[in-house]
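Good morning, and thank you for coming. Please look at the sequence and the structure on the screen while I speak.

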Amino acid sequence: MKIKDIMTRNVKTAAPETSLEEVARLMRGHSIGSIPVMKGEQLVGFVTDRDMVTRAMTEGLDPRTTPIGESRTPLLFHVSEEQDVQEAAWLMEIKRVRRL
């Protein structure tokens, strides 16, 4: 089975300057817990609801004015949609990541 057979196609994204509050509302409105951070067409990070709590809220940052770019995970791993699912699972295991 290929990645393209199981991947999400209608992905919600946010720009780095989008506020934490706006991203939280987007997550709640679509029942999702993670959002790719895009600068134009370029993927520049990834943010999860956990990132928002552990990196931003615990540091006392104002969710209305703090851009999501300050809470994103900048180190990313990705795979091609043509790659095998088992290969992706192996990569996730060795890199210790939960999302690709």
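The buried residues of α1 are Leu-20, Val-23 and Met-27; buried means under 20% relative accessible area, exposed over 50% and partly exposed in between, with a 1.4 Å probe and protein chains only. Because these residues cover an arc of only 65° around the axis, they lie on the same side of α1. The arc is that of the directions from the helix axis to the C-beta atoms. Helices (H or I, at least four residues) and strands (E, at least two) are DSSP runs, numbered from the N terminus.

This is a predicted model, in which local features need pLDDT of at least 70, side-chain atom pairs count only at pLDDT 80 or more, and totals for chains, interfaces and linings use all residues. Residues are numbered from 1 along each chain as its sequence is written, and side-chain values use heavy atoms, without hydrogens and water.

What does the buried side of α1 pack against? Its buried residues pack against β1, β2 and α2. The face turned away from that side carries the exposed residues Arg-25, Arg-28 and Gly-29.

Let us take Val-23, which is buried with a relative accessible area of 1%. Beyond its neighbours within four places in sequence, Val-23 is in contact (heavy atoms within 4.5 Å) with residues including Ala-14, Ile-35 and Met-52.

The largest nonpolar core has 11 residues, among them Val-23, Met-52 and Ile-68. Such a core is a set of buried Ala, Val, Leu, Ile, Met, Phe, Trp, Tyr and Cys residues joined through side-chain atoms within 4.5 Å. With three residues, α1 gives the most to this core.
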